[in-house]
Amino acid sequence: MISSLPDFPWDSLAPAKERARAFSSDDPAQGEGIVDLSVGTPVDPTPEVVQQALRDAADAPGYPQTWGTADLREAIGQWFERRRGAPGVDPDGVLPTVGSKELVAWLPTLLGLGAGDVVAFPRIAYPTYDVGTRVAGATPFAADATTAFGPTTAATAPKLLWLNTPSNPTGKVLGVEHLAKVVAWARERGVVVASDECYAELDWRDQSDRGGDAALPTTPSLLDPRVTGGSHEGLLVVYSTSKQSNLAGYRAAFAAGDPTLVRSLLEVRKHAGMIVPWPVQRALLTAVSDDEHVAVQRERYRARRAALRPALERWGLRIDDSEAGLYLWATAGEPSRVTVDRLADLGILVAPGDFYGVAGEQHVRVALSATDERIAAAVARLEG
């Protein structure tokens, strides 16, 4: 099993990273050294209100609950109603997780999938969907539409279908109508649908571009009643506070949806000791209950995006999709590694699109997660 896993993709960026680190300019605006826009790791401070919640819960001598406390699960349900337009999330269908990547990687295994089972995910996608499938011994299948599976029955359809909206890396948003069609198709065949929605709070679309989504403060959720028809059966949403609340170091995330599905995951996780620490659960409760700090962080990213996008375009890149999320999905119409190297010569490190599948091999992913000073340096270098 382990031998079938791909190499860790970021290791292949080492030469470009060294080249970017060596950048030097006589122009003070361009600064020195690397501007690392290759990884979407938050750089801004963890909100004080969340830090205080962690401090207040620091005395934690006992074991926490794998399922999370009732008030945490209720607060997450309220967050779905308030922010995502998805009322009626049953607290029994909520489960805190040790970051969202953990659940993405282990969900096929937790569902008992293995040899002969197919797990589907987008053609351009975060690599962990594929890796988690391989860890379980199941078969990965990259597809952007249900028609890619051909004629299917419950016996021949994939057992698990991953959606990612907004997409990492492309920033593409799936609308309510699209999501509803996927759910209807999946339910006819008994397919579990899991939607990774970790960037939902970072929606950059104008109201005029949102269509039927205009009333939502975030991107549409798989649990929206217009999608589900009022039932969460067979559906699971994965969400993380890493990006919206600068909590990547806390590993504070959750899954929500079908209570029956969540209970089956819970039973395995209790046996395996997959538990979110008590202080982190308290911090997560505060993070999902406080919208103000999220709005502040969103505006930081909005300003960085407004500066970086036109500079990339003037340099010669076309920005595709990028409707939401923490990245700009850019292309110069050439192999992504060529673009990576050309940007590295300017001291700017980005991620090649081939990290995310063959379909991304002519794009690069440019993260907005750098300080204002580093973003300004990148803009100065691009405009030379």
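Thr-331 lies in strand 10 (residues 327-331), where strands are DSSP runs of E with at least two residues and helices are runs of H or I with at least four, numbered from the N terminus. The model is predicted, so local features need pLDDT of at least 70 and side-chain atom pairs count only at pLDDT 80 or more, while totals for chains, interfaces and linings use all residues. Residues are numbered from 1 along each chain as its sequence is written, and side-chain values use heavy atoms, with hydrogens and water left out.

With 6% relative accessibility, Thr-331 is buried; buried means under 20% relative accessible area, exposed over 50%, and partly exposed in between (1.4 Å probe, protein chains only). Its side chain reaches the backbone nitrogen of Gly-333 at 2.9 Å and the backbone oxygen of Gln-362 at 2.6 Å. Leaving aside residues up to four places away in sequence, Thr-331 touches Gly-316, Leu-317, Arg-318, Asp-320, Gln-362 and His-363, a contact being heavy atoms within 4.5 Å.

Helix 3 (residues 70-84) has 15 residues, which should span 21 Å at 1.5 Å a residue, and its end C-alpha atoms are 20 Å apart, in agreement. The expected span is 1.5 Å times one less than the number of residues. Among the buried residues of helix 3 are Leu-72, Ile-76, Trp-79 and Phe-80. The buried residues of this helix pack against strand 2 (94-98), strand 7 (235-240), helix 8 (242-245), strand 8 (252-257), helix 10 (278-289) and helix 11 (292-315). Just after helix 3, Gly-85 has a positive phi of about 65 degrees.

Aromatic pairs are rings of Phe, Tyr and Trp (its six-membered ring) with centres within 6.5 Å; planes under 30 degrees apart count as stacked, over 60 as edge-to-face and the rest as tilted. The count comes to 12 aromatic pairs. Two of them are tabulated here.

| Pair | Centre to centre | Angle between planes | Class |
|---|---|---|---|
| Trp-79 and Tyr-239 | 4.5 Å | 45 degrees | tilted |
| Phe-141 and Phe-149 | 5.1 Å | 35 degrees | tilted |

Trp-79 in helix 3 and Tyr-239 in strand 7 are 160 residues apart, so that their pair links distant parts of the chain. Both Trp-79 and Tyr-239 are buried, and together with Phe-80 and Phe-254 they form one aromatic cluster. Phe-141 is partly exposed at 32% relative accessible area, whereas Phe-149 is buried at 15%.

Overall, the protein has 13 helices and 13 strands, and buried residues make up 57% of its 384 residues.

Definitions and conventions:
Polar contact = N/O pair within 3.5 Å; in protein donor to acceptor, adjacent residues only side chain to side chain.
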